[in-house]
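Good morning, colleagues. Please look at the sequence and the structure on the screen as I go through the sheet and the salt bridges.

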Amino acid sequence: MDTSFQQITVDPTLAEMGKNLNEAMRILEDGHRESEEQQRHSRKDIPGPLQGSGQDVAHILQVVQNLMHGDENEDSQSHRRMQNVGEQGHMALLGHSLAAYISVLDKERLRKLTTRILSDTTLWLCRLFRYENGSAYYHEDDREGLLKVCRLVIHSRFDDYSTEGFNMLYNKQPVIYQSAACRSGLGQHLCNQLGLPLSSLCTVPCNTMFGSQHQMDVALLDRLIKDNVDSGKLPLLLIANAGTPAAGHTDKLGRLKELCAQYSMWLHVEGVNLATLALPYVKSSVMAATQCDSMTLTLGPWLGLPAVPAITLYRHEDPALSLAAGLTSIQPVEKLRALPLWLSLQYLGHDGIVERIRHASQLSQRLLDHLTKQTAITKAVEDDLNSPVVVFRFSQTDANSAAQSGGPLETLLSNEREIQDTLNRWLGEQLALLVPASGVDIVNLEDEGSCVRFSPLMTSAVLATKNEDVDALAECLQEKIPVLISTLRLREEFREEVHCIAALTYIEDLSWPGLGTVRYELSSEEPDENKRQAELEKISSVLLKKLKELDSDLTFSTGPEFGPEKNCLYIGMATEDLDVAELVEMIAAIGREIEENSRLLENMTEVVRKGILEAELQLQKATEEKLLEEGVLRQLPVVGSVLNWFSPVQSLVKGRTFNLTAGSVDSTEPTYSMKAQSTGGSLPPTPTSARTKHRIPGQKLFRRSLVSSDGVSETSSVGQVEELGKEELRETAPEGREADVQKEPEPETEQRGVTPGEGEQKGKREPEVEGRETENPSILR
């Protein structure tokens, strides 16, 4: 843009304004920011008094930059949006600066300029979106245009409304009709702003027997209108959708237009599918929107233009009523709202606008092609193949298996639906996190439940979404589906395994996207509930810490911050090779060990106190024995020294040691005995859980081998490693020693199929928990 200013002769003020805007945007979009430590202690973000001497522009922009990006990461979505504003976005921002500059012109120049800007923009939009002979109203709030249209219709249908006011509405109450699939709160907002009671709002259900589940039921609408007419009400306006906010469905606009003409109603259309009117080939259901009385367009997200107004195109012949409704204004400054859009449309041109909309539609079709290859993915919008909105969800329903598990079928199916909604929410969050440029989000549909929505018309221009991003999205989706299937299948197995362990309690939490939720229960009965909860909280905290330290692919957490259940362990998503029984046993074993160690520490204070008392008694007894053995004279300071010099006393000093394990005071004589050192017993083994099995080097915990083990033992890999070591030893052994190497007996650990160093004595096994052997005793030590 700088070269353009240099090549042509323009007003120096305008040129300087453009350069300043470019410099300001460069500073604000600069990714090189202060370090987190400097920002944390920076005084720039602390509110303070206004500086008396003022600040320069660079310093002020630096403060704005810190406020914009101070709490964000480099790869955050909002930062990406700032980086992808582009030149067309700069033009829109320049329009706001120009609007402020133009507003200081004299009235005549301002009137001519605003008239030209408004007429040009309206003409371009009407031709671009096939809306002939239309007028335009530019507004910041996308609901404001519909509100002004409602006022226009009221003025048109009630002749004396401008003078009589609400008295005219009392005799014949107006009715506004909207689809049940409209955006929430729209009808209530209209009634509040117009001063109408909520009884003036009629919500029309969508089709339930035939057609789409998100299209307005035209037959039911006809009956509702007839009932209102018979009761003395006046049908005023109908709000239809060309792309519902959630699923992107388009109502039967042709039939709705005929119905509105029959009852002299106003038809207003809005929705994302209206953007496709700019394409060379438009679907007939969307093309019918060109015959409606008004429509609202949101070009900002469609074209990636920041801070541009929404546009409501309408047809009406009486300019006085349009002025009374607020759709037109005599204030030239208000007409400058169209200036950012006027600049941006000229910068993009007709081809640039059409190309952006076409690119978004092609992204949707590209994702649809990928979804057809996924068996576990259900597309929510099946009847609108040309819609730029793609809504899909993971679905793995098995009613028969649910019925066989016991309980009412309706309850089980309801639980299955809620679990799948939870998994779909997790899927949407993962896809948005892994492929942020895709712009996917989560939407809740009344019939389908939680779904993942891909609406490139609303996000691709801002996020600069490319075909590669859609391919990456499909690849991530393909990777997540097996995890979803295995987690859904293993949830029931996890529940059954937990019920088999007395120390664990299964917590039913259908909103948790993972394997399940479990709580460790104390083995002892504590009458004080507060002490019991405190001890349980301490054990749960240590248990979670130890599980996180294990070498496994599972995620363990405390769950939602404000969840109803406390002191619970939440286990994340699982793969198909997860050994659920081993996982449950390990959790129980670690919890039991933590509880035993906790009780040992609690009893340590009492043990130490008793040991100190016993040591004092023994020291006092030793002093008395020494007094009886040496006599009273030897205890005197001077006399004792003389006697000890003439007749030394051979006495043995008896040391004492305090045994924390036994809680007793023992003699130190065995400590200095070689025999005691050589025959001393080993420490007791640490109690562990689970079954004895060998893990391949690099294999994570709680993983079972998916390869068939027929004819191959679990220790075959260990044996192969040892045989390989023997071959190397034979090659490097000196001559004459080969026979000794060949006759070397095999270790006892290899014969028993356990890991080396598992036990010191031959044939001895580690203690079992729940009837199963230990997997790796060193894990919990």
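I begin with a definition: contact means heavy atoms within 4.5 Å. What you see is a predicted model, in which local features need pLDDT of at least 70, side-chain atom pairs count only at pLDDT 80 or more, and totals for chains, interfaces and linings use all residues. Residues are numbered from 1 along each chain as its sequence is written, and side-chain values use heavy atoms, with hydrogens and water left out.

Helices (H or I, at least four residues) and strands (E, at least two) are DSSP runs, numbered from the N terminus. Two strands pair if DSSP finds at least two bridges between them.

Let us turn to the sheet. Seven strands form an open sheet with mixed pairing, in the order β1-β7-β6-β5-β4-β2-β3. At its edges are β1 (135–139) and β3 (201–204), each of which pairs on one side only. Axes here are lines fitted to C-alpha atoms, for helices over the stretch in contact, and angles run from 0 to 180 degrees between N-to-C directions. On average, neighbouring strands of this sheet are turned by 20° against each other, direction ignored.

Strand β2 (residues 174–179) pairs with β3 in the parallel sense over four bridges. Q178 stands opposite T203 in β3.

Which strands does helix α8 lie across? The helix lies across β1, β2, β4 (234–241), β5 (266–270), β6 (294–297) and β7 (310–314), and runs at about 155° to β4.

Now to the charged pairs. Side chains of opposite charge can pair when their charged atoms come close. A salt bridge is a side-chain nitrogen of Lys or Arg within 4 Å of a carboxyl oxygen of Asp or Glu. The structure holds 16 of them.

Buried means under 20% relative accessible area, exposed over 50%, and partly exposed in between (1.4 Å probe, protein chains only). K148 is buried at 10%, while E144 is partly exposed at 22%.

In helix α18 (residues 339–371), R358 and E355 are three residues apart, about one helical turn. Their side chains meet in a salt bridge of 3.0 Å, N to O. R358 is partly exposed at 29%, and E355 is partly exposed at 42%. Elsewhere, salt bridges that share partners join D142, R183 and E270 into one network.
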